[in-house]
Each structure stands twice: as C-alpha cells, then as structure tokens.
Amino acid sequence: MNVEIAEFTDAHAEAAKDLLVELQTHLSELDGRGVIVLKDNFRDDYFRFVSAETEKQHGKIFIASVRDRAVGIVVCKIFQGGGEEEITTSCPKVGFVSDLSVTAGERGKGIGKLLLTRAERYFQESGCEYTQLEVFAPNTGAAEFYQRAGYEPCCIYLSKSLRDKPKI
C-alpha cells in the first residue's frame, strides 16, 4: 500500500472535516458519561476552530492519502513560552498532537504511525524538545498505539459527575 503524507491544503478541507467528524463520533461512542457530543454544525465549526488554533499555535495539519483518497489526519500545534510554562518548566517549545485519526477501514495498516512520525519530524524541525498529546481514557486502543510509539503517561486528568448530587 502506497501512503502519501502531505501538508494540508484547501483541497483537503472536506476530507479533513470528515476525518475529524469520524474521530469525534468514535470518542462520543466511547463516552459513557454522555458528555462528548457532536453539536449542530460540528463539522464546519470544529474544522474552523482547529484551523484557527493550528495557525495561532504555529502548527501544521498533515493528511495521509491512499490512491488520492484522504484516509488520515494529524493536527500539530507548538506551544512555546508564555504563561505558566515560563515559570514552571525548562522546556520552552513543546509539540502537541491535538487530533490524530485514521478512517476505520484503514486502521491497523501503519498509517497512524506514518502520521505520528511526520508530526514528530515537524516538531523536531521546529526546535521542540518534547511531544505530548492527550488520550481519552476509554480509548484504550489509541493509548496502546501511543505507548508502542514511545509515549509515556505524564498527567492524569480525573472527572467526577456533579449531576444528581446533593447540594453542599
């Protein structure tokens, strides 16, 4: 299988939207809390948000294609200096993978690894010392994928429902 990884162009916009919807749909299906939902106009609104944040954070989006059909996406952002990091860390530039998705029919074929490798190369070329990402806890397949790629747990975010709880 010949996979091409290319930097996002406007020609990829509709496919990118579809890939982001597929990712969010998958996460919402895993969410037993019912918190993750696809609201009206999610497809366009989230793509606009991701595009703006990527530009703001000096990032890039890469698309994986097989036979000219987009099958994967990785959204890369660079967090550099400013804010709390200036006070609390020794790492001034961190590469952040905010979204990585491979369409269901193409998973398990190495496309995610190619996208992650391309993101890491972009971060290295940009002077980042570390790469980080977040994985939704119920998405165990993704967590295992990232751990096989050398990622280690760094932070644990916990959640607690306050619905139907006695008021204090």
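Residues are numbered from 1 along each chain as its sequence is written, and side-chain values use heavy atoms, with hydrogens and water left out. Because the model is predicted, local features need pLDDT of at least 70 and side-chain atom pairs count only at pLDDT 80 or more, while totals for chains, interfaces and linings use all residues.

Across the whole structure, eight aromatic pairs are found, a pair being rings of Phe, Tyr or Trp (its six-membered ring) with centres within 6.5 Å, called stacked if the planes are under 30 degrees apart, edge-to-face if over 60 and tilted otherwise. The ring centres of Phe-8 and Phe-47 lie 5.8 Å apart with planes at 55°, so this pair is tilted. Phe-8 belongs to the loop between strand S1 (3–7) and helix H1 (13–30), whereas Phe-47 lies 39 residues away in helix H2 (residues 42–56); helices (H or I, at least four residues) and strands (E, at least two) are DSSP runs numbered from the N terminus. Phe-42 and Tyr-46, both in helix H2 and four residues apart, have ring centres 5.0 Å apart and planes at 10°, so they are stacked. Together with Phe-49, Phe-42 and Tyr-46 form one aromatic cluster.

Five strands make an open sheet in the order S1-S2-S3-S4-S5, with mixed pairing, where two strands pair if DSSP finds at least two bridges between them. S1 and strand S5 (130–133) each have a single partner strand, so one side of each is left without a neighbour in the sheet. Strand S4 (residues 93–102) and S5 run parallel and are joined by four bridges, and Phe-96 stands opposite Gln-132 in S5.
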